[in-house]
Amino acid sequence: MADDYLVRIGRLIRDARQHRGWTQSQLAEALGTSQSAVNRIERGNQNISLEMIARIGEALDSEIVSLGYAGPMHLRVVGGRRLSGAIDVKTSKNACVALLCASLLNSGRTVLRRVARIEEVYRLLEVLNSIGVRTRWINDGVDLEIVPPAELDMAAIDADAARRTRSIIMFLGPLLHRMGRFKLPYAGGCDLGTRTVEPHMIALRRFGLDIAATEGHYHAVVDPAVRPDRPIVLTERGDTVTENALLAAARHDGVTVIRNASSNYMVQDLCFFLEALGVKVDGIGTTTLTVHGVPTIDVDVDYSPSEDPVEAMSLVAAAVVTESELTVRRVPIEFLEIELAVLEEMGLDHDRSPEYFADNGRTRLVDLTVRPSKLEAPIDKIHPMPFPGLNIDNVPFFAAIAAVAQGKTLIHDWVYDNRAIYLTDLNRLGGRLQLLDPHRVLVEGPTRWRAAEMMCPPALRPAVVVLLAMMAAEGTSVLRNVYVINRGYEDLAERLNSIGAQIETFRDI
């Protein structure tokens, strides 16, 4: 084997190991070899067999043998199994990505505890690393340390990684305080139709940010003389819009009032983090936020984001759809109360523990036990509303839940252009869903699920809904190309297997 191939393979193995948060010693232990052997392999100084490459790829859950081409990951699901026991909810994906963007406000060291190890986070880390931010996983890969450079190198930004995440849009708020001119690649993410960035622009223009969108980039110019002289009224009560306005206000030397703000879970976590940075925020949990900005932030901060209510809802849905008794621990109850009220109306048998606080000391958690229940379709339609209404991201899970309930349920997913269409993929698994228009689906239950092989929908929550239905279907199903699930869930298949599912991860060779 030529030396250059050995070096290429070594680099891939090193990158995959670091991506997983392992040391050379940990990989050596998994392979039954020595740390020095792993070091030689990573430096390209060790002849290595295809069998060893395959073993390394399996240990690191990474496609090494393809020499740099990341082959798609698939799931093989043996369904019809009951879940049991207990499972903890992971930290919030949407809070973690907002906090990664917010770390750009701070000149000091930021440590985020129990960060979700998901593809969306990895893409943002790639972007941050490319512009000079030093990041590393610490405490056995559980926590994340972030140290910014004195000057960001925006010319070196990893455009491919940036275009694979919509979260890149939240760089605008922090960056307008760090440089007078910069450009960002267009934001990507789920395929959910046209989601305009104009609400972001309306809010950020008040801080002097002017954007021209051309040739795949947002070209930004900042006028430091422009300052918000009256309350900012957001034209939509969006989560990322509110977060961008908060990020811009945090280092504005004055008081900024933001009206029609989202009060959703990730916004509250961002507010708590800003307070840890020394930025006072009044009105947390309401639709009017008053931010007392500071022009310079240079502190060493340690923060623990709270748990993810959407993951909690997906785990509850997994129990409902598979007719299982399951305890979901560390549920952020404030952000799931409407969903539980609807499920109670449908006949869900469940109970909850007394409340306790998350590690951030602010978010209220409970442990929720769900039992097999005979569900009836709700009288009213299922539709999202801004918090404290039913969470937009939780609407798709009601498609799977309604499919096991007696009667017809109307689901009105009015926020996204395409997402309701993806829910009809459940028909491939025996569901009876009728698409009324691009936003409304009529679901008829109960459903006798059947196994199938299919491609993963290109939107995160509908993709997980299909996986849950496969878990309920007798027989073996295959869900192909599940990258979108990995964007939002950490080790989902492995964690579901820990409570009784049978899901195998594999790739085509």
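This is a predicted model: local features need pLDDT of at least 70, side-chain atom pairs count only at pLDDT 80 or more; totals for chains, interfaces and linings use all residues.
Biologist: Why are H5 and H6 called roughly parallel?

Modeller: Helix H5 (residues 93–102) and helix H6 (residues 119–130) pack at about 5°, with axes 10 Å apart. Angles under 35 degrees count as roughly parallel, and H5 and H6 are therefore given that label. The axes are lines fitted to C-alpha atoms over the stretch in contact, and angles run from 0 to 180 degrees between N-to-C directions. The helices themselves are DSSP runs (H or I, at least four residues), while strands are E runs of at least two, numbered from the N terminus.

Biologist: Which residues make the contact between H5 and H6?

Modeller: H5 brings Lys 93, Cys 96, Val 97, Leu 100 and Cys 101, and H6 brings Glu 120, Val 121, Leu 124, Leu 125 and Leu 128. Contact means heavy atoms within 4.5 Å. These residues divide into eight nonpolar, no polar and two charged. Here Ala, Val, Leu, Ile, Met, Phe, Trp, Tyr, Cys and Pro count as nonpolar, Asp, Glu, Lys and Arg as charged, and the others, Gly among them, as polar.

Biologist: What makes the pair Arg 114 and Glu 307 a salt bridge?

Modeller: The rule asks for a side-chain nitrogen of Lys or Arg within 4 Å of a carboxyl oxygen of Asp or Glu. Arg 114 and Glu 307 meet at 2.9 Å, N to O, so the pair qualifies. By this rule the count comes to 30 salt bridges. The partners are 193 residues apart: Arg 114 sits in the loop between strand S3 (110–112) and H6, and Glu 307 in the loop between strand S13 (301–303) and helix H12 (309–321).

Biologist: What makes the phi of Arg 114 worth a remark?

Modeller: Phi of Arg 114 is near 50°, a positive value in a residue other than glycine. Most residues other than glycine have a negative phi, and most peptide bonds are trans.

Biologist: Where are cis peptide bonds found?

Modeller: One joins Phe 387 and Pro 388, with omega about 15°. Pro 388 is in the loop between strand S17 (364–371) and helix H14 (397–403). Another joins Gly 445 and Pro 446, with omega about 0°. Pro 446 lies in the loop between strand S20 (440–445) and strand S21 (453–455).

Technical notes: Residues are numbered from 1 along each chain as its sequence is written. Side-chain values use heavy atoms; hydrogens and water are left out. Angles under 35 degrees count as roughly parallel, over 145 as roughly antiparallel, 65 to 115 as roughly perpendicular and the rest as oblique.
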